[in-house]
Amino acid sequence: MDTKTKYLGLEIESPIIAGSCGLTNDISNLEKLEAAGAGAVILKSVFEEQIIYDIKRNLSMMAPVDNYGMSYEYVAAHVADDSLNKHFELIREAKKRLHIPVIGSINCYSFENWMTYTRKFQDAGCDALELNMAILPYETALSCEDVDRLFSDIINTLRKSVTIPISIKVSQNFTDMANFMQRLSWMGVSGITMFNKALNVDIDIDKMELTHAPSLSSPDEIYNTLRWIAILTKKLRCDISASTGVHTSADVVKMLLAGAGTVQVVSCLYKNGVDYMKTLNEGLKEWMSSKGYDSLSQFRGKFAVKPNEQASMFFRTQFMKHFAQL
Ligand SMILES: Cc1cc2nc3c(=O)[nH]c(=O)nc-3n(C[C@H](O)[C@H](O)[C@H](O)COP(=O)(O)O)c2cc1C
C-alpha cells in the first residue's frame, strides 16, 4: 500500500500532516508524530506580536536607566533575535532528529518583519514555510482591493527573497473566495492551506465578560473545507492542503477524494494524543485496501468539481424545492 505523495515539492510518505499548533512546539511530540507516520510536521507559528511583546517588556525594564535613547534599535533587534533563536533551536533540533520535512510557520503584521523573519527561518534550515496569513477583514475601511494588495505585496516580495517553498494558510473569510484563491496560486506560491480556524470569542453572560469559544474544531466543521477544496482543486496552480474539521481517517479519505494533496490535523491530536496519527494512517490504508486502491493517485480528486451533476451539489447553499420536499 503506497501512501507516498509530494507536498510543496517535498517527497512525503503519508498525506497526513501535523498542522501548526502547540503540540508541534515540542521536540518529543515531533518525534512521536514521525514515529506514528506523519508525512510532515508544521511547527507552531512564531507570531510577530509575541516578539514585539518581548521587546516592549525588555525595554520597560531598562527604561528608567536609559530612557530608550540610542539603544532602542539595538535592544529591539537583540531581543527579536533572542526570541526567534529559541524557536530556531527547535527547527535545528527537529532537522537533526527527524527524517520527515519540518515546515516552519510565521504570522506577522508588518511588511518589514515578514521579510526579515522569513529569511531568518530559511537560514535556520526548515524545509518549507507556511505563512499564517489568516487575516480577519474586520476593518470597514479595508476593501477587497486592500486585502488583495496586502497579500500580493507580501508574497511577491517574499518569493524574491527566499528560495524554500512557501505555502499560504488562509482564513475562511473572502468575498471572492474562488477568484482570490486562484490569483494567490498564480502568484507562485507552492501551496495553499485551506483553512485556518479563527479563534472565536464568546460572551459569559453571568460574569459579564468576554471569553474564548472552544479552540478545538468540531467534526462538522469539515464541510466548509470539503466544499472549497472540491470546488477549487482543479483550478489552482499549487498544492492544496486541507485544514479544519478532520477528525477521523474517513475524514482524511473525504478530503483526498475532494482533491486535497495533503490533510492537516490538529484538534483530533489534542483530543486523542499525538499517537492518534497512527490510527489515521492505518484507517487510510485500510480504506484503500477495502476499495482495491494501491496508491493515492487512483482516487484523489474523484469528487473534485467537474462539469457534471454530482459535483454541482457543491455549489448549492440551500436545498432546492425539489430536494426539500423529499
Ligand atoms: C491550540 C491550537 C493552537 C494553534 N496554533 C496555531 C498556530 O500557531 N499557527 C497556525 O497557523 N495555526 C494554529 N492553529 C490552527 C490549526 O493549525 C488548524 O488550522 C485548526 O485548528 C483547524 O484544524 P483542526 O480542525 O484539525 O483543529 C492552532 C489550533 C489550536 C487548536
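**Figure 1. Strand S8, covered on both faces.** Strand S8 (residues 166–170) is mostly covered, with five of its five residues buried; a residue is buried if 20 or more other C-beta atoms lie within 10 Å of its own, exposed if 12 or fewer, and partly exposed in between, with C-beta atoms placed from the backbone. Strands here are DSSP runs of E with at least two residues, helices are runs of H or I with at least four residues, and both are numbered from the N terminus. This is a predicted model, in which local features need pLDDT of at least 70, side-chain atom pairs count only at pLDDT 80 or more, and totals for chains, interfaces and linings use all residues. Residues are numbered from 1 along each chain as its sequence is written. In a regular strand the side chains alternate between the two faces of the sheet. In S8, Ile166, Ile168 and Val170 are buried on one side, and Ser167 and Lys169 are buried on the other. Strand S7 (residues 128–132) runs parallel to S8 and is joined to it by four bridges; two strands pair if DSSP finds at least two bridges between them.

Figure 2. Strand S9 (residues 191–194) is parallel to S12, with four bridges joining them. Here Gly191 finds its bridge partner in Asp239 of S12. S12 also pairs with S13 in the parallel sense, over two bridges. To follow that pairing, go from Ala242 to its bridge partner in S13, Val263.

**Figure 3. Helix H8 and what packs around it.** Helix H8 (residues 249–258) is mostly covered, as seven of its 10 residues are buried. These are Ser249, Asp251, Val252, Lys254, Met255, Leu256 and Ala258. Their packing partners are strand S3 (16–18), helix H7 (222–232), strand S12 (239–242), strand S13 (262–265) and helix H10 (276–291). Just after H8, look for Gly259, which takes a positive phi of about 120 degrees.

**Figure 4. Helices H7 and H8 side by side.** Two packed helices are described by the angle between their axes and the distance between the axes. For H7 and H8, the angle is about 25 degrees and the axes are 8 Å apart; axes are lines fitted to C-alpha atoms, for helices over the stretch in contact, and angles run from 0 to 180 degrees between N-to-C directions. H7 and H8 are therefore roughly parallel to each other, given that angles under 35 degrees count as roughly parallel, over 145 as roughly antiparallel, 65 to 115 as roughly perpendicular and the rest as oblique. On the H7 side, Ile222, Leu226, Ile229 and Ala230 meet Asp251, Lys254, Met255 and Ala258 of H8; two residues are in contact if their C-beta atoms, placed from the backbone, lie within 7 Å. The residues of this contact divide into six nonpolar, no polar and two charged. In this scheme Ala, Val, Leu, Ile, Met, Phe, Trp, Tyr, Cys and Pro count as nonpolar, Asp, Glu, Lys and Arg as charged, and the others, Gly among them, as polar.

**Figure 5. The surroundings of the ligand.** In this view, 21 residues surround the ligand, and the closest are Ser20, Ser45, Ser217, Val266 and Ser267; a residue is near a molecule or strand if its C-beta atom, placed from the backbone, lies within 6 Å of it. The shell around the ligand divides into five nonpolar, 13 polar and three charged residues.

**Figure 6. Cys21 and its contacts.** Cys21 sits in the loop between S3 and helix H1 (27–35). Cys21 is buried, as 21 other C-beta atoms lie within 10 Å. Leaving aside residues up to four places away in sequence, Cys21 touches Lys44 and Val266. Cys21 and Lys44 are 23 residues apart in sequence and 4.7 Å apart in space, C-alpha to C-alpha.

Figure 7. A cis peptide bond, with omega of about 5 degrees, joins Met194 and Phe195. Phe195 lies in the loop between S9 and strand S10 (201–204). Leu8 is not a glycine, yet has a positive phi of about 55 degrees. Leu8 belongs to the loop between strand S1 (5–7) and strand S2 (10–12), and is buried, with 24 other C-beta atoms within 10 Å. Met208, also not a glycine, has a positive phi of about 55 degrees. Met208 is found in the loop between S10 and strand S11 (209–212), and counts as exposed, with 7 C-beta neighbours inside 10 Å.
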